[in-house]
Amino acid sequence: MSIISWIVLGLLAGAAAKILLPGRDPGGLIGTTLIGIAGAFIGGWASARYLDRPIANEFYDGATWAAAIGGALALLVVYRILFGHSRSR
């Protein structure tokens, strides 16, 4: 997949992570979107590196989507733990 495909996948993975983990985020929509893109890259890398699952060249591969959404969820949880109370509610 190209870099543009990974960015689109990250945007969609970030939206899916936000749906799966609702609530207020310190960074808002832009922060969640950037976390989704970073999560897609990190999830894909971790899947290829540690789970011995090579990244498919297809955009519609279920394992690639699961890795991207999992990476976005993990980063969103870490982001909320680190920066969740920095903004007044």
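Tutor: First, a term: a nonpolar core is a set of buried Ala, Val, Leu, Ile, Met, Phe, Trp, Tyr and Cys residues joined through side-chain atoms within 4.5 Å. Keep in mind that this is a predicted model.
Student: OK, which residues make up the largest nonpolar core?
Tutor: There are nine in all: Trp6, Leu9, Ala13, Ala17, Ile35, Ala40, Ala68, Ala72 and Leu76. The largest share, four residues, comes from helix 1.
Student: And what is Ala13 in contact with, leaving aside its neighbours within four places in sequence?
Tutor: Ala68, Ile69 and Ala72.
Student: Switching topic: at what angle do the axes of helix 2 and helix 3 cross?
Tutor: Roughly 120°, and the axes come within 6 Å. Angles of 65 to 115 degrees would count as roughly perpendicular, but helix 2 and helix 3 are oblique to each other. The crossing is right-handed.
Student: Which residues meet there?
Tutor: From helix 2, they include Gly36, Gly39, Gly43 and Ser47, and from helix 3, Ala67, Gly71, Leu75 and Tyr79 are among them. The contact has 10 nonpolar residues, six polar and no charged.
Student: Last one, is Thr32 buried or exposed?
Tutor: Thr32, which lies in helix 2, is buried, because its relative accessibility is 9% and the cut-off is under 20%.

Technical notes: Residues numbered from 1 in each chain as written. Predicted model: local features only at pLDDT ≥ 70, side-chain atom pairs only at ≥ 80, totals over all residues. Heavy atoms only, no water. Axes fitted to C-alpha atoms, helices over the stretch in contact; angles between N-to-C directions. Helix = DSSP H or I, 4+ residues; strand = E, 2+ residues; numbered from the N terminus. Parallel < 35°, antiparallel > 145°, perpendicular 65-115°, else oblique. Left-handed = near helix turned anticlockwise from the far one by under 90°. Contact = heavy atoms within 4.5 Å. Nonpolar A, V, L, I, M, F, W, Y, C, P; charged D, E, K, R; others polar. Buried < 20%, exposed > 50% of the residue type's maximum accessible area, 1.4 Å probe, protein only.
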